[in-house]
Structure formats: structure tokens, C-alpha cells
Amino acid sequence: MPGSICYNRPKKRCPFSFSRYLSIRRLRYSNNYRYQWNLKKMTPIQYRRHLQAA
């Protein structure tokens, strides 16, 4: 991703790191904790394990 590496800010945090952190957190919540109504009311991780066990 161009612009995600901050070469001109050696001591400060990159402004993209916080948005990346939020997007990773949002994906983790969506995949592990939020129930999907179209996946038999399971989270995507639970549904995948359910399909693998069958």
C-alpha cells in the first residue's frame, strides 16, 4: 500500500497505523463475535468449523 509507510516521521506514529488497527479490530469482531443471520445464527468462524465437522 503506497503511503502506509511513513519515512518522514521516524519518532511519531504513522497516521495509517491507527486506521489499520481499527480495520483489523472491525474484521476480528465481525468474524469472531457478531452473529450472522444467514449462517445459521453463527459467527463465520463457528460456521466454518461446523461445515468442516460435517
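Helices here are DSSP runs of H or I with at least four residues, strands are E runs of at least two, and both are numbered from the N terminus. By that count, the chain has 2 helices and 0 strands. This is a predicted model, where local features need pLDDT of at least 70, side-chain atom pairs count only at pLDDT 80 or more, and totals for chains, interfaces and linings use all residues. Residues are numbered from 1 along each chain as its sequence is written, and side-chain values use heavy atoms, with hydrogens and water left out.

**The chain as a whole**
- Of the 54 residues, 11% count as buried (buried is under 20% relative accessible area, exposed is over 50%, and partly exposed is in between, using a 1.4 Å probe and protein chains only).

**Buried residues in the loop**
- Glutamine 36 sits in the loop between α1 (15-32) and α2 (44-53), and it counts as buried because its relative accessibility is 15%.
- Skipping residues up to four places away in sequence, glutamine 36 touches Ser30, Lys41, Met42 and Pro44 (contact means heavy atoms within 4.5 Å).
- Threonine 43 is also in the loop between α1 and α2, and with a relative accessible area of 2% it is buried too.
- Leaving out neighbours within four places in sequence, threonine 43 is in contact with Asn31, Asn32, Tyr33, Arg34 and Tyr35.

**Two lysines with positive phi**
- Lysine 40 belongs to the loop between α1 and α2, and its phi is positive, about 60 degrees, although it is not a glycine.
- Lysine 40 counts as exposed because its relative accessibility is 57%.
- Lysine 41 is in the loop between α1 and α2 as well, and it has a positive phi of about 60 degrees without being a glycine.
- Lysine 41 has a relative accessible area of 54%, so it is exposed.

**A nonpolar patch**
- Phe18, Tyr21 and Leu22 make a nonpolar surface patch of about 300 Å².
- Patches are made of residues with over 30% relative accessible area and no salt bridge, joining like charges within 9 Å and nonpolar side chains (Val, Leu, Ile, Met, Phe, Trp, Tyr) within 5 Å; a salt bridge is a side-chain nitrogen of Lys or Arg within 4 Å of a carboxyl oxygen of Asp or Glu.
- Phenylalanine 18 is in helix α1, and at 49% relative accessible area it is partly exposed.

Definitions and conventions: Areas by Shrake-Rupley, 256 points an atom, 1.4 Å probe, with all protein chains shown as cover.
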